[in-house]
Amino acid sequence: EYSQKWDEVDNYLVSHLVEEDPVLQQVLANNQQAGLPAHDVAPNQGKLLALFAQITGAQKVLEIGTLGAYSTIWLARALPALGKVVTLEADPHHARVAQTNIDLAGLQDKITLHTGPASDTLPTLMAEAPFDLIFIDADKPSNPLYLEWALKLSKPGTLIIGDNVVRDGAVVDPHSDDTRVQGVRRFIEMIEQEPRLSATALQTVGSKGWDGFVLARVIS
Ligand code: SAM
């Protein structure tokens, strides 16, 4: 089975390149204990987000979809001393667990968590824009809406990352009755049509299965 090999390779890569971290391990344990779905990014993907933040010199990051703040903590730690992450979570239980984890990581000054559907909280962020990096990782049917907001809240040079765009290959089915697949397809096709964006997407395999992400840079 391929997926077992993917797991083994991820374990090998993570053990050599991604630092063992007691706080992040505790965060994952807390999320599991609290019954959250295991939809956190993998450790090597968390490190990739951190590297993207550092490569772009990001000071202000927006995340849509907090879950238990695992990716949020990766991003916040990558920022300079005065850097900030704003993260949006609809589910009050997820948000409570996330805030506990943010406090555990000692990042309460760097991370602001807004509870409520992102469609309600995004319009309140105009005063905090522009963001340097925007990570879209919430309900996939809303990806087209989130892309519109990401563009409003960005500036030339902003990096927009959209997670879970391959979905075990389901993304290629134009007739899919899965609204998440339709949301992701519309998202990709909106990026194609958007002259303000230069983008690519990569498939990934690993401990989280077969998926992928979109990387889009705001050029004007
Ligand atoms: N970024 C997280 C990480 O890697 O650790 C994982 C996020 S998880 C894939 C998606 C999250 O989006 C869930 O916690 C879910 O409750 C949240 N969500 C779903 N619909 C939402 C909405 N309308 N607004 C904001 N968050 C939403």
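**Buried helix, cores and ligand shell of the predicted model**

The buried residues of helix α7 are N143, P144, Y146, L147, W149, A150 and L151, where buried means under 20% relative accessible area, exposed over 50% and partly exposed in between (1.4 Å probe, protein chains only). Helices (H or I, at least four residues) and strands (E, at least two) are DSSP runs, numbered from the N terminus. The model is predicted, and local features need pLDDT of at least 70, side-chain atom pairs count only at pLDDT 80 or more, and totals for chains, interfaces and linings use all residues. Residues are numbered from 1 along each chain as its sequence is written, and side-chain values use heavy atoms, with hydrogens and water left out.

Helix α7 spans residues 143-152, and seven of its ten residues are buried, so α7 is largely enclosed by the rest of the structure. Its buried residues pack against β1 (60-64), α6 (118-121), β4, β5, α8 (179-193) and β6 (197-206), with contact taken as heavy atoms within 4.5 Å. S154 lies in the loop between α7 and β5. This serine counts as buried because its relative accessibility is 12%. Its side chain reaches the backbone oxygen of L151 at 2.9 Å. Such a polar contact is a pair of N or O atoms within 3.5 Å; within protein, one must be able to donate a hydrogen and the other to accept it, and residues adjacent in sequence count only if both atoms are side-chain atoms. Leaving aside residues up to four places away in sequence, S154 touches P130, F131, I134, R196 and V218. P130 itself is in the loop between α6 and β4, and a cis peptide bond, with omega about 0 degrees, joins A129 and P130.

In soluble globular proteins, nonpolar side chains tend to be buried together. The largest nonpolar core of the model has 32 residues, and those with the most contacts inside it are I73, L75, L133 and I161. A nonpolar core is a set of buried Ala, Val, Leu, Ile, Met, Phe, Trp, Tyr and Cys residues joined through side-chain atoms within 4.5 Å. Helix α4 gives the largest share, six residues. When residues up to four places away in sequence are not counted, I161 touches L49, F52, L133, I134, F135, I136, F213, V214 and L215.

A78 is placed in helix α4 and is buried, with a relative accessible area of 11%. Beyond residues up to four places away in sequence, A78 touches A50, A53 and Q54. The C-alpha atoms of A78 and P92 are separated by 26 Å, the two residues being 14 apart along the chain. A34 is in the loop between α2 and α3 and counts as partly exposed, at 26% relative accessibility. Not counting residues up to four places away in sequence, A34 touches H93 and V97. Between A34 and G68, 34 residues apart along the chain, the C-alpha separation is 9.4 Å.

The ligand has 21 residues around it, of which S71, E89, H94, A118 and D137 come nearest; a residue is near a molecule or strand if one of its heavy atoms lies within 4 Å of it. By class, this shell has ten nonpolar, five polar and six charged residues, with Ala, Val, Leu, Ile, Met, Phe, Trp, Tyr, Cys and Pro counted as nonpolar, Asp, Glu, Lys and Arg as charged, and the others, Gly among them, as polar. Helix α4 and strand β2 (84-89) each supply at least two residues of the shell. A polar side-chain atom of H94 lies 2.8 Å from an oxygen atom of the ligand, and a polar backbone atom of V41 is 2.9 Å from a ligand oxygen atom. On D137, a polar side-chain atom is 2.8 Å from a nitrogen atom of the ligand. The protein covers 87% of the 610 Å² of accessible area that the ligand has on its own, areas being computed by the Shrake-Rupley method with a 1.4 Å probe and, for residues, with only the protein chains shown as cover.

Most residues other than glycine have a negative phi, and most peptide bonds are trans. L67, in the loop between β1 and α4, has a positive phi of about 50 degrees and is buried, with a relative accessible area of 13%. N164, in the loop between β5 and α8, has a positive phi near 65 degrees and counts as buried at 19% relative accessibility.
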